[in-house]
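Subject: Structure handover

Hello,

Here is the structure you will be working with. Please open it next to this email, and read the notes below with both in view.

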Amino acid sequence: MKFRLAAAVSLCLAAGGCLSVLPEPQIPSALISLPADRAVAPADPLRADVAVYPPDSTRAFAGVDIAVRTDQELVYLGEVRWVDTAPRLLQNAVVDSLSKAGGAGRAVTAQQGARVDYDVRWRIVDMAAGRDTAPVKVEVIVSLMDSTTRRVVAQQTLTATGSPSDRAPRARAAAMALAAQSVADQVAAFAAKNAVPKATPAN
């Protein structure tokens, strides 16, 4: 085995180096984020402590690539990427929105491990651009769960759409970012509305 490996190395060196069969990594021309200053505060105050989980997702929407729906298949938008994985961006966007709400409650990410009254658990149903200038769509199913009893106290499907200004990848990604931020704001509003204060246990 060692002889074969040495022979292969010698052959590569003699030929002036081996040719790589791996594809060259594509460097995106732009990274798309959901800035905290774009988060919209919920209309209702946050009256209880809430932990926001990253949304569950299929592999198609779980990474940094921006999905494009074409007929019966999904491909990915070229030249642009999310700055972080889509679930993590959405999670942080919801926390940013809830953090702007009034009220005595606080919002944290689930990874912080804080003791809270409610958990925001959700799932990405769709998060894809369309072909050329077709509308983009972000759809999620969100549940508010009592962190003690694990009982679902409220559930809702939330959707946002948008139309790119043109077919360029950056324009389509920008429309996706606006739709994603809109859904995150809707999730925050849902949590603030349904997270009612818990009664203090009697001594």
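I start with the cavity. The structure holds one cavity of 30 Å³ or more. A cavity here is a set of points, on a 1 Å grid over the protein atoms alone, where a 1.4 Å probe fits but cannot get out. The largest cavity has a volume of about 40 Å³, where volume is the space filled by probe spheres set on the points, and points are joined across faces, edges and corners.

Before going on, note that this is a predicted model, in which local features need pLDDT of at least 70 and side-chain atom pairs count only at pLDDT 80 or more, while totals for chains, interfaces and linings use all residues. Residues are numbered from 1 along each chain as its sequence is written, and side-chain values use heavy atoms, with hydrogens and water left out.

Which residues line the largest cavity? They are Phe61, Gly63, Asp65, Ile66, Ala67, Trp82, Ala86, Met127 and Met176, each having an atom within 4 Å of a point. By class, seven are nonpolar, one is polar and one is charged. In this scheme Ala, Val, Leu, Ile, Met, Phe, Trp, Tyr, Cys and Pro count as nonpolar, Asp, Glu, Lys and Arg as charged, and the others, Gly among them, as polar.

Next, the overall layout. The chain has three helices and nine strands; these are DSSP runs numbered from the N terminus, with helices (H or I) of at least four residues and strands (E) of at least two. Of the 203 residues in the chain, 40% are buried. Buried means under 20% relative accessible area, exposed over 50%, and partly exposed in between, with a 1.4 Å probe and protein chains only.

The largest nonpolar core has 53 residues, and those with the most contacts inside it are Trp82, Leu98, Val120, Trp122, Met127 and Val187. Helix α3 (residues 169-194) gives the largest share of this core, 13 residues. Such a core is a set of buried Ala, Val, Leu, Ile, Met, Phe, Trp, Tyr and Cys residues joined through side-chain atoms within 4.5 Å. Leaving aside residues up to four places away in sequence, Val187 touches Val94, Val120, Trp122, Val140, Val142 and Leu158; contact means heavy atoms within 4.5 Å.

Helix α3 also holds Gln181. Is Gln181 buried or exposed? Gln181 is buried, at a relative accessible area of 6%. With residues up to four places away in sequence not counted, Gln181 touches Leu34, Pro35, Arg38, Ala39 and Ala93.

Now the strands. Strand β3 (residues 67-70) pairs with strand β4 (residues 73-76) in the antiparallel sense over four bridges; pairing requires at least two bridges found by DSSP. Thr70 stands opposite Glu73 in β4. This hairpin has two residues between the strands, and Asp71 takes a positive phi near 55 degrees there. Strand β3 is also joined by two bridges to strand β7 (residues 118-129), and these two run parallel. Ala67 has Ala128 in β7 as its bridge partner.

Last, two loop residues. Most residues other than glycine have a negative phi. Glu79, in the loop between β4 and β5 (80-82), has a positive phi of about 80 degrees. Glu79 is partly exposed, with a relative accessible area of 48%. Asp132 lies in the loop between β7 and β8 (136-146), and its phi is positive, near 55 degrees. Asp132 is partly exposed too, at 30% relative accessibility.

Regards

Key:
1 Å grid on protein atoms, 1.4 Å probe; cavity = no way out; pocket = protein on both sides within 12 Å on 5 of 7 lines; lining within 4 Å.
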